Amino acid sequence: MLDRPTPNDLRAFWMPFTANRQFKSAPRMLVAANGMHYTTSDGRQVLDGTAGLWCCNAGHARPLITEAIQKQVTELDYAPAFQMGHPKAFELANRLVDLAPDGMDHAFFTNSGSESVETALKIAIAYHRALGNGTRTRLIGRERGYHGVNFGGISVGGIVNNRRHFGAMLAGVDHLPHTHLPENQWSRGQPEHGMHLADDLERMVALHGADTIAAVIVEPVAGSTGVLIPPKGYLQRLRELTRKHGILLIFDEVITGFGRLGSAFAAQHFDVTPDMITCAKGLTNGVIPMGAVLTTADIHDAFMQGPENLIELFHGYTYSGSPIASAAGLATLETYKQDDLFARAHDIAPYWEDAVHSLKGHRHVIDTRNMGLIGAVELEPIAGKPTERAFNAFLRAYEKGILIRTTGDIIAMSPPLIIEKSHIDQLIGTLAEVLDTLE
Ligand SMILES: Cc1ncc(COP(=O)(O)O)c(C=O)c1O
């Protein structure tokens, strides 16, 4: 038991994905945010190079969103999500499918990216069953994929530390190879080599039988494992093969959704339409937890059979489409539209690309890569101490007034879409200084 914790005692809070003891010995506290900046507890301004956790795409403290939440909480704070409705959830679903690629006609609301993934995987299996194809239960993910932290997500995911501590996970899961090839070093945008890696799906079909496979789930651009950009033609090939074998294709767009690549969704950017899209984060600009699964009419309609008085999908969350999250979502989509933020991201992306690649030649840098407003800088690991060099870069960068993120020895950046050229200069200029002083 804790001995009488005081209100500012750090011990009780078990922090997520954090080295708790290290953090609590030297905490980094943020107390305010506005536009492109955070304010730290010691009164410093820190430039947000990561849009929070890839979620505050419109920048911080956006008035439309703040006001919508304030108004909603006084008007209708909560409404039951099951067998009851409220107007804003329906309105948001309509706005979302308008924004999504043609063919995505329905939205199922969740509270996070992890829940969106679980929901999509369950829908995939239940969809095949509804069509009388109950043997299609296998799920295929990809090495180095990140699909959140719940059991379905870590099963299809491909990050060893997220999996190995947690037992056997879901049965009947297989993984495509990841798409990160050494010959693609220093690629600007989509790399040239690796389209053939999608053909591994044929091997899995040969091994398991197409009639046992429900779905393939991939991130169009993998973020959490260090920014892996899909090789040219890869996603198209995956679409062809999944279609050929009657397998559903799910794009996990939790980080690529809402303008990160300069279009509403990556599916539009790559001109590849999956059967389902999972999203979260930028849906509410990170302000209120919310996620969604977008599906085709085909998938939705397969459930709308049988007696009309019976529940069609035994799945949902207390906060699915909650009034406050829906209000935040609507105001967020309106903010993106009013400021034309997706086009803005598209327009500034070439400047961002040049800036990210200007880090080639700086100390320890062994690769740089980019796509839309995403950039990665890979560092040579310290022998015997993987992750330490990049983490030191993160700490020094924070001291020098920029927020970056690291995964392994890769620095990942994903700034708010409101970023100006001067911010890019500051972010990349400061990072260059940090790199050159690292051991
Ligand atoms: C591609 C992808 N899927 C799922 C998730 C999980 O989202 P959440 O942390 O909201 O559960 C993330 C989070 O970064 C993600 O990047």
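Domain bounds, as used here, come from an automatic or database domain assignment. In this predicted model, the protein chain is divided into domain 1, made of residues 20-58 + 341-437, and domain 2, which covers residues 66-338.

**How the two domains meet**

The centres of domain 1 and domain 2, taken over C-alpha atoms, are separated by 26 Å. Where the domains touch, 30 residues of domain 1 are in contact with 27 residues of domain 2. On the side of domain 1 that touches domain 2, the elements that give two or more residues are helix H2 (51-54), helix H13 (341-357), strand S11 (365-371), strand S12 (374-379) and strand S15 (410-413). Helix H13 provides the largest share of this side, with seven residues. Sorted by class, the side of domain 1 that touches domain 2 holds 15 nonpolar, ten polar and five charged residues.

**Helix H12 and its partners**

Helix H12 (residues 323-338) takes part in a crossing with helix H3 (residues 63-75), and the axes of these two helices come within 8 Å and cross at roughly 155 degrees. Because angles over 145 degrees count as roughly antiparallel, H3 is roughly antiparallel to H12. The crossing in which H3 passes H12 is right-handed. On the H3 side, the residues that meet H12 are Leu64, Ile65, Ala68, Ile69, Gln72 and Val73, while H12 contributes residues including Pro323, Ile324, Ala327 and Thr335. The contact of H3 with H12 has eleven nonpolar, three polar and one charged residues.

Helix H12 also crosses helix H4 (residues 87-99), with axes that come within 9 Å and an angle of roughly 35 degrees. This crossing of H4 and H12 is left-handed. In H4 the contact is made by Lys88, Ala89, Glu91, Leu92, Arg95 and Leu99, and in H12 by Pro323, Ser326, Ala327, Gly329, Leu330 and Leu333. The residues of the contact of H4 with H12 divide into seven nonpolar, two polar and three charged.

| Helix pair | Axes come within | Crossing angle |
|---|---|---|
| H3 and H12 | 8 Å | roughly 155 degrees |
| H4 and H12 | 9 Å | roughly 35 degrees |

**Around the ligand**

The ligand is surrounded by 14 residues, and the closest of them are Ser112, Gly113, Ser114, Gly148 and Val254. Helix H5 (residues 113-130) gives the most to the shell around the ligand, namely three residues. By class, this shell around the ligand has five nonpolar, seven polar and two charged residues.

Definitions and conventions:
Residues numbered from 1 in each chain as written. Predicted model: local features only at pLDDT ≥ 70, side-chain atom pairs only at ≥ 80, totals over all residues. Axes fitted to C-alpha atoms, helices over the stretch in contact; angles between N-to-C directions. Helix = DSSP H or I, 4+ residues; strand = E, 2+ residues; numbered from the N terminus. Parallel < 35°, antiparallel > 145°, perpendicular 65-115°, else oblique. Left-handed = near helix turned anticlockwise from the far one by under 90°. Contact = placed C-beta atoms within 7 Å. Nonpolar A, V, L, I, M, F, W, Y, C, P; charged D, E, K, R; others polar. Near = placed C-beta within 6 Å.
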